[in-house]
Amino acid sequence: MSRVYNFSAGPAVLPEEVLEEAKADMLDYKGCGMSVMEMSHRSKMFDDIIKTAEADIRKLMGIPDNYKVLFLQGGASQQFAAVPMNLMKNKVADYIITGQWAKKAYQEAKLFGDARAIASSEDKTYSYIPDCSDLPISEDADYVYICENNTIYGTKYHKLPNTKGKDLVADLSSCFLSEPVNVSDYAVLYGGVQKNVGPAGLVIDIIREDLITDDVLPGTPTMLKWKTQADKDSLYNTPNCWAIYICGLVFKWLLNNGGLEAMKAKNEEKAAVLYDFLDSSKLFKGTVEKDSRSIMNVPFITGNDELDAKFVAESKAAGLENLKGHRTVGGMRASIYNAMPKAGVEKLVEFMADFEKKNA
């Protein structure tokens, strides 16, 4: 069976070269006689894997020496609790609510202190990013929190909020490694890897070292203390070895293909193909305000639920998988992450144009 074009929001498409390399290594990794899934996380072989992965992501992102890189389990959602547990010294934090994941992080933080929603786009179903140039930042806030790319709603911050000197914490899950970022603009940034980097079950945290201390909220579980993980270089307990290995292959793939500047250019080119069609279509329309559009997740609708369902069914039959929108919003969504080739987006647009002719 030939591979489909997979537009899933996550777990998502991975580079074919990476999958081929993992396939070749599956039974016998580099002549050691076993799979990465079988080897000890304390072995020299795996030590090389995790150290090379860290060195490569540092190179890719230009991560400063005073930031720690952690490969953790629990996904991004576990960081919704870990962030306030590790950072809420004053028991106050400001949250900007731009979608379901930011809202869940905000609700989780309320369990630990005074989490304040200082801006929101819920009034228009999260179809835009609020103006963040002059926010009512709390004087005693420990940090300001954002979800930078909103997977469900297809919005993206194209300029970071003015935090008025407060530390910025950001969930970058669905735009992680899709473009360059200035790591120093953040106190903490993290991403679940299953959208753009690797298989589910791993979150990568990049944390400024002065924030990694024993001064955490009382009752913080040992495993959720960043210091526990940092002191042991992500090896306090058995990590997700396989996911770290695959991420390492993806980092190499990115480096070999021009790095994050080149990836940004490719991603913008792909997104333009789809957005240009949506802007000219008489049947389909995008659901996001133009200046807030994501180049990773593109939601769209016909305006008719039955027609949407017909489109999803027929696109699947045409080898275009996972175009159904998130269950909370309906419609369609194309996630066009790093590993989605431009040809896949062109095939989607060709199918949409044909569908429009037959159903307009």
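The model is predicted: local features need pLDDT of at least 70, side-chain atom pairs count only at pLDDT 80 or more, and totals for chains, interfaces and linings use all residues. Residues are numbered from 1 along each chain as its sequence is written, and side-chain values use heavy atoms, leaving out hydrogens and water. Helices (H or I, at least four residues) and strands (E, at least two) are DSSP runs, numbered from the N terminus.

**The seven-stranded sheet**
- An open sheet is formed by 7 strands, in the order β2-β10-β9-β8-β5-β3-β4, with mixed pairing. Two strands pair if DSSP finds at least two bridges between them.
- The edge strands, β2 (67-72) and β4 (114-120), each pair on one side only.
- From one strand to the next, the twist averages 20°.
- Strands β3 and β4 are parallel and share 6 bridges. Tyrosine 95 stands opposite alanine 117 in β4.
- Helix α3 (residues 75-87) packs on the sheet. Helix α3 touches β2, β3, β5 (144-147), β8 (168-171), β9 (188-192) and β10 (203-208). Contact means heavy atoms within 4.5 Å.
- The direction of α3 makes about 160° with that of β9. Axes are lines fitted to C-alpha atoms, for helices over the stretch in contact, and angles run from 0 to 180 degrees between N-to-C directions.

**Strands β12 and β14**
- Strand β12 (residues 297-301) runs antiparallel to β14, joined by 4 bridges.
- Valine 298 stands opposite alanine 334 in β14.
- In β14 (residues 332-335), Met332 and Ala334 point one way, Arg333 and Ser335 the other. All are buried. Buried means under 20% relative accessible area, exposed over 50%, partly exposed in between (1.4 Å probe, protein chains only).

**Threonine 98**
- Threonine 98 sits in the loop between β3 (92-97) and α4 (100-109). Threonine 98 is buried, at a relative accessible area of 0%.
- Its side chain makes a polar contact of 3.1 Å with that of asparagine 150. Such a contact is a pair of N or O atoms within 3.5 Å; within protein, one must be able to donate a hydrogen and the other to accept it, and residues adjacent in sequence count only if both atoms are side-chain atoms.
- Leaving aside residues up to four places away in sequence, threonine 98 touches residues including Ser121, Tyr126, Cys147 and Tyr157.

**Cysteines**
- The count is 0 disulfides, where a disulfide is a pair of cysteine sulfur atoms within 2.5 Å.
- Cysteine 175 is buried at 4% relative accessibility. Its closest cysteine sulfur, in cysteine 147, is 7.8 Å away, so too far for a bond.
- Cysteine 241 is buried at 9%. Its closest cysteine sulfur, in cysteine 32, is 12 Å away, also too far for a bond.
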